[in-house]
Amino acid sequence: MRKLKLAMYVSVDGVVENPAWTGPFWDDELSELQKDYLFASDALLLGRVTYEGFAAAWPTMEDTGEFGERMNSMPKFVASKTLDKGEWNATIIKDDLATAVTRLKSEAGQDLLIYGSGDIVDELTRHGLIDEYRLMVHPVIVGSGKRLFNGVTTSTLRLVATTTTTTGVIVLTYRPSDAAA
């Protein structure tokens with residue numbers, strides 16, 4: 001059974017929206033952590049907004065090396081009520097997201113990876129479908145914007161790893177408290 005893992009940029013005040021504020025904190029450590037997560041996965045799960053942003057940017061980026069090749073070539077599953085057709089190796093999920101993700105997790109393969117996509121993270125957390133949360137907390141207060149876990153009831157997580165990068169990003173990796181170590 002595949003695992004569903006989340007990689008999310010978060011500000012100290014919990015903002016996850018429009019993470020342009022992450023740029024000054026990017027370093028080789030964070031790059032390597034992101035690469036490890038991506039290469040342990042064989043498909044992305046994205047919300048429409050994140051997908052549209054990625055699809056507009058990644059295919060034309062230069063000098064992205066193996067990471068960019070992987071991003072551009074791997075399948076993407078996009079949760080959307082408005083898109084009818086996917087490009088950039090995308091399949092649109094219009095049906096019930098929890099049912100579709102449960103089916104994807106039951107298939108053979110590597111991990112499924114969610115980048116960003118706050119609304120689907122909230123929904124999949126409510127359904128207990130995310131197996132690992134990697135929250136990259138950046139040392140910045142954004143002040144306003146969408147925050148993570150809107151409408152989610154209390155869920156207990158277990159901290160399984162912590163890394164602090166040279167730029168002060170604290171990478172917290174959690175699993176649901178009942179998940180195996």
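By contact I mean heavy atoms within 4.5 Å. This is a predicted model, where local features need pLDDT of at least 70, side-chain atom pairs count only at pLDDT 80 or more, and totals for chains, interfaces and linings use all residues. Residues are numbered from 1 along each chain as its sequence is written, and side-chain values use heavy atoms, with hydrogens and water left out.

Start with serine 41. Serine 41 sits in strand β2, residues 41–47; strands (E, at least two residues) and helices (H or I, at least four) are DSSP runs, numbered from the N terminus. Leaving aside residues up to four places away in sequence, serine 41 touches Arg70, Met74, Gln110, Asp111, Leu112 and Leu113. Leucine 113 is 72 residues from serine 41 along the chain, yet their C-alpha atoms are separated by 6.2 Å. Is serine 41 buried or exposed? Its relative accessibility is 1%, so serine 41 counts as buried, meaning under 20% relative accessible area, against over 50% for exposed and partly exposed in between (1.4 Å probe, protein chains only).

Now the pockets. The largest pocket has a volume of about 1,300 Å³. A pocket here is an open set of points on a 1 Å grid over the protein atoms alone, where a 1.4 Å probe fits, with protein on both sides within 12 Å along at least five of seven lines; lining residues have an atom within 4 Å of a point. The volume is the space filled by probe spheres set on the points, which are joined across faces, edges and corners. Helix α2 gives the largest share of this pocket's lining, 6 residues.
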